[in-house]
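Please walk me through this structure, one element at a time.

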2 protein chains.
Amino acid sequence: MARVFNFSAGPGTLPEAVLKRAAEELLDYQGSGMSVMEMSHRSSWYERIQQKAESDLREIMNIPSNYKVLFLQGGAHLQFSMVPLNLIKNGKADYLVTGVWGKKAYQEGKKYVNARVVASSEDSKFSYVPKIDKAQLQEDADYFHITTNNTVYGTRLRDKDIVCLDNVPLVADMSSNILSEVYDVSKFGLIYAGSQKNMGPAGVTVVIIREDLVREIDPTVPTMLQYKIHADNSSLYNTPPCYSIYMCGLVFEWIKEQGGVAAIQKINEEKAQLLYDCIDASSLFKGTVEKYDRSLMNVNFVTGSEELDKKFVREAEARGLVNLKGYRTVGGMRASIYNAMPIEGVKALVEFMQDFERLNG
Amino acid sequence: MARVFNFSAGPGTLPEAVLKRAAEELLDYQGSGMSVMEMSHRSSWYERIQQKAESDLREIMNIPSNYKVLFLQGGAHLQFSMVPLNLIKNGKADYLVTGVWGKKAYQEGKKYVNARVVASSEDSKFSYVPKIDKAQLQEDADYFHITTNNTVYGTRLRDKDIVCLDNVPLVADMSSNILSEVYDVSKFGLIYAGSQKNMGPAGVTVVIIREDLVREIDPTVPTMLQYKIHADNSSLYNTPPCYSIYMCGLVFEWIKEQGGVAAIQKINEEKAQLLYDCIDASSLFKGTVEKYDRSLMNVNFVTGSEELDKKFVREAEARGLVNLKGYRTVGGMRASIYNAMPIEGVKALVEFMQDFERLNG
């Protein structure tokens with residue numbers, strides 16, 4: 001069996017050690033005589049799996065005890081509705097629009113609250129993260145929504161650069177960089193993330209919500225869209241996506257084994273540096289975003305020629321470096337180098353880029 | 001490795017052949033060099049998997065071409081809201097309440113439409129399926145909602161006994177008996193089913209909807225709750241639960257190998273008969289529902305003594321017959337014998353029941 005280096009933006013590559021363990025215990029989980037896929041979600045077998053996943057996530061993200069951790073379904077897209085439907089009070093919200101997903105969150109939010117764009121980099125093709133100051137934010141907003149990493153355009157917002165108000169809940173879509181670098185959870189009111197980039201297979205949405213934001217809401221909101229229902233039932237109000245949560249749990253364990261998020265962040269910085277150095281040293285490849293705002297997870301680059309870009313993607317694939325085609329609105333190449341991408345994969349890509357430039361530059 | 005016979009009501013047992021295949025290709029799907037869990041949902045690899053799952057499901061359920069098949073998230077619970085939110089026109093709906101889930105569907109439906117209970121067997125602990133006639137149904141209802149199998153109480157509604165009106169869409173929750181016996185899809189407006197009983201691991205909801213019911217609806221309904229969005233995007237509006245859909249696809253293939261749903265139904269009737277015959281011949285065990293309405297999937301029985309029930313469940317477990325404890329509101333025992341439960345499992349249970357009666361009767 002030859003595993004490829006998979007640069008897919010999501011669902012993305014998973015740690016090989018995790019997949020091996022999943023394969024080994026697929027028919028018989030730890031002597032239970034059954035697969036995790038076959039377990040009642042009310043069984044003690046499964047409850048231990050979910051509790052372990054939650055406690056490991058709490059540990060590696062350093063989640064304070066006054067936060068609930070929920071395992072939901074529907075992806076970030078459903079959160080775009082759930083956030084306003086659950087946090088609405090005054091009916092106002094601020095959005096920092098730094099990419100495709102932030103814009104979608106804003107557009108969905110508008111259906112339920114008076115949503116305002118604090119700043120947007122759309123007119124420059126989301127090639128940077130706008131800097132804002134506190135004076136731009138509304139004191140009476142129900143929340144302020146940000147996206148910490150922009151998968152499509154390849155920018156990120158570092159923890160230390162987040163500007164927010166003390167009394168307005170900060171809401172973050174962390175789908176594409178959760179667990180890849182350290183964020184101080186205590187500054188957020190709510191964090192959400194789809195599983196399929198840094199946590200596990202698609203099908204789970206992790207929501208980390210400060211307890212005071214978990215409240216009774218308008219009862220006409222669909223029951224499944226009420227955080228309080230899920231929080232009061234420890235994410236077992238209905239059958240959760242058990243197997244996907246189990247897989248996330250294996251990934252959380254793997255992160256602990258790597259030394260935790262701070263240790264992973266160092267490796268991620270090293271991996272990203274290798275690629276960005278290669279781009280900056282190249283006369284063929286160009287980056288597409290402001291250097292300071294470059295993502296650690298999604299590295300976009302172009303040759304300037306659509307023909308050459310296509311050739312690059314095709315020849316890379318023949319070398320076992322797959323899913324490098326850029327997003328349709330950006331073009332060129334995108335290398336998504338999530339936690340599970342080994343540094344060997346990045347090195348192989350850099351080597352191929354250098355070879356390609358020698359032959360086509 | 002010793003696999004148990006798992007009588008869990010859901011998530012439930014899966015075919016061993018399916019699990020073996022999943023384990024074999026977990027790290028490398030058919031030479032792709034990656035797991036299905038790691039595949040972009042926009043990749044041709046994954047698209048083929050989802051298309052195959054859909055076409056196999058269409059084949060085994062004989063789904064007419066004027067129906068859309070959607071793979072969604074959120075389980076039956078989310079459908080309890082989505083059905084009224086999407087089908088509302090006159091603002092009226094009829095519900096046949098035959099169990100816990102039908103009642104929940106009705107209660108959630110009430111939030112959005114003038115929901116009316118056509119008949120309910122709740123006052124006799126849902127021990128039968130009420131017979132109705134057409135005159136009881138509203139001609140101007142937006143839909144008529146039924147549950148074809150009641151997981152908790154162990155009753156079912158046969159295809160031939162369904163009463164409905166030609167011009168009112170029939171909506172069925174088939175979560176716990178989809179693919180276990182033949183239903184004529186063409187008589188339904190909409191069928192929904194959570195995956196975790198007869199299709200695969202938890203995390204997918206299959207919705208089969210007649211095209212005329214897929215329509216533009218109130219735009220303030222959360223985008224993810226609009227059937228049209230998912231139908232227009234072939235269930236790829238957002239990242240679907242890819243791996244769980246792949247697993248469902250393997251189960252659909254397995255059903256084809258067994259000869260299709262009609263063949264599976266025969267085996268299911270044989271399996272259920274073995275158990276019900278044992279119960280009827282016993283002076284210790286008693287069934288809990290009307291004989292005619294007995295479910296092929298969920299077989300409830302009691303000894304009449306809580307002590308003995310507990311002993312039964314405990315001793316069965318020691319023999320590798322697990323998850324036989326009844327639902328908390330019913331007590332006693334429940335043997336869920338979904339498609340994937342081999343007849344050997346049912347025979348082993350019958351043998352144990354006979355042994356138990358000899359020693360404790």
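Predicted model: local features only at pLDDT ≥ 70, side-chain atom pairs only at ≥ 80, totals over all residues.

Residues are numbered from 1 along each chain as its sequence is written, while chains are lettered from A and ligands numbered from 1 in the order in which they are written.

Start with strand β12 of chain A, residues 298-302. Helices (H or I, at least four residues) and strands (E, at least two) are DSSP runs, numbered from the N terminus. Five of the five residues of β12(A) are buried, so the strand is largely enclosed by the rest of the structure. A residue is buried if 20 or more other C-beta atoms lie within 10 Å of its own, exposed if 12 or fewer, and partly exposed in between; C-beta atoms are placed from the backbone. A:N298, A:N300 and A:V302 point one way from β12(A). A:V299 and A:F301 point the other way.

Which strands flank it? Two strands pair if DSSP finds at least two bridges between them. Strand β11(A), residues 286-287, joins β12(A) over two bridges. Here A:K286 stands opposite A:V302, and A:G287 stands opposite A:F301. On the other pairing, β12(A) and β14(A), residues 333-336, share four bridges. A:R334 in β14(A) is the bridge partner of A:N300.

Now turn to the helices of chain A. Helix α2(A), residues 44-61, and helix α6(A), residues 242-257, have axes that come within 9 Å and cross at roughly 40°. Axes are lines fitted to C-alpha atoms, for helices over the stretch in contact, and angles run from 0 to 180 degrees between N-to-C directions. The two helices are therefore oblique to each other. Angles under 35 degrees count as roughly parallel, over 145 as roughly antiparallel, 65 to 115 as roughly perpendicular and the rest as oblique. The contact of α2(A) with α6(A) divides into eleven nonpolar, two polar and four charged residues. Ala, Val, Leu, Ile, Met, Phe, Trp, Tyr, Cys and Pro count as nonpolar, Asp, Glu, Lys and Arg as charged, and the others, Gly among them, as polar.

From α1(A), the contact uses A:A17, A:V18, A:R21 and A:A22. From α6(A) come A:M247, A:L250, A:V251 and A:W254. Two residues are in contact if their C-beta atoms, placed from the backbone, lie within 7 Å. Seven of these residues are nonpolar, none is polar and one is charged.

Strands β3(B) and β5(B) run parallel, joined by three bridges. B:Y95 stands opposite B:H145 in β5(B).
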